[in-house]
Amino acid sequence: MEDTLRDRLATVVNTMGYEFVGCELVRPGTGSVLRVYIDGESGVTLNDCSKVSRQISAMLDVEDPIQGKYTLEVSSPGLDRPLFERAHYQKYVGSRVKVRLSVPIDDRRNFAGVLLRVEGDDIHLLVDQEEVVVPFSDIEKAKIIADVVG
């Protein structure tokens with residue numbers, strides 16, 4: 001997704017008093033889905049998501065940055081919080097994460113393990129008792145693996 005669109009979305013969300021966690025444009029089948037993740041100091045409600053959705057929708061209607069049909073989804077990051085920025089990875093050092101790469105490492109694109117540290121342009125994961133170094137630029141998608149106690 002273009003940095004200008006991401007920056008514009010962040011501005012709308014932050015101006016409304018929420019944290020812009022990140023966004024992704026997914027193209028499954030016939031239409032696209034623009035997912036925008038927001039958070040607040042005490043979480044976000046459905047009402048919060050609706051308010052932000054209306055503001056973003058108005059901005060998108062005026063600027064029309066996305067080609068073709070798409071659906072806008074605004075939500076909280078949830079328990080399996082997506083990771084977009086280096087700062088997100090730094091914040092969740094010690095957590096279990098799932099990472100999908102755009103470029104395989106040893107013929108493997110999917111990794112799940114403990115996020116050990118962020119060092120320069122790499123993240124370090126403990127996967128099956130081995131440390132794996134993953135270039136940040138090769139990460140296609142990453143998220144926290146929620147520890148659900150039941």
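A: Before we start, one term: two strands are said to pair if DSSP finds at least two bridges between them. Please also keep in mind that what you see is a predicted model.

Q: Okay, in what order do the strands of the open sheet sit?
A: The open sheet is built from five strands, and reading across it gives the order 7-6-5-4-8, with antiparallel pairing.

Q: And which strands stand at the edges?
A: Those are strand 7, covering 130–135, and strand 8, covering 139–144; each has a single partner strand, so one side of each is left without a neighbour in the sheet.

Q: By how many degrees are neighbouring strands of this sheet turned against each other?
A: On average the angle between neighbouring strands is 40°, with direction ignored.

Q: Let's go strand by strand, then. How many bridges join strand 4 to strand 5?
A: Strand 4 (residues 96–105) and strand 5 (residues 108–119) run antiparallel and are joined by six bridges. Among the facing residues, I105 has R108 of strand 5 as its bridge partner, while R100 stands opposite N110, which also belongs to strand 5.

Q: What's in the turn of that hairpin?
A: Two residues lie between strand 4 and strand 5, and D106 in this turn has a positive phi of about 50°.

Q: What about strand 5 and strand 6, how many bridges there?
A: Five bridges link strand 5 with strand 6 (residues 122–127), and these strands run antiparallel. E119 stands opposite D122 of strand 6, and in the hairpin, again with two residues between the strands, G120 takes a positive phi near 65°.

Q: And strand 6 with strand 7, over how many bridges do they pair?
A: They pair over six bridges in the antiparallel sense, and within this pairing H124 has V133 of strand 7 as its bridge partner. The hairpin formed by strand 6 and strand 7 has two residues between them, and D128 in the turn has a positive phi of about 50°.

Q: Switching topic: what volume does the largest pocket have?
A: The largest pocket has a volume of about 490 Å³. It is lined by 20 residues, of which R6, C23, E24, F84 and E140 are the closest to its centre.

Q: What about the second largest pocket, which residues line it?
A: Its volume is about 240 Å³, and the lining residues are E24, Y37, P77, D80, P82, K98, V99, R100, N110, K141, A142 and K143.

Key
Residues numbered from 1 in each chain as written. Predicted model: local features only at pLDDT ≥ 70, side-chain atom pairs only at ≥ 80, totals over all residues. Heavy atoms only, no water. Helix = DSSP H or I, 4+ residues; strand = E, 2+ residues; numbered from the N terminus. Axes fitted to C-alpha atoms, helices over the stretch in contact; angles between N-to-C directions. 1 Å grid on protein atoms, 1.4 Å probe; cavity = no way out; pocket = protein on both sides within 12 Å on 5 of 7 lines; lining within 4 Å. Points joined across faces, edges and corners; volume = space filled by probe spheres on them.
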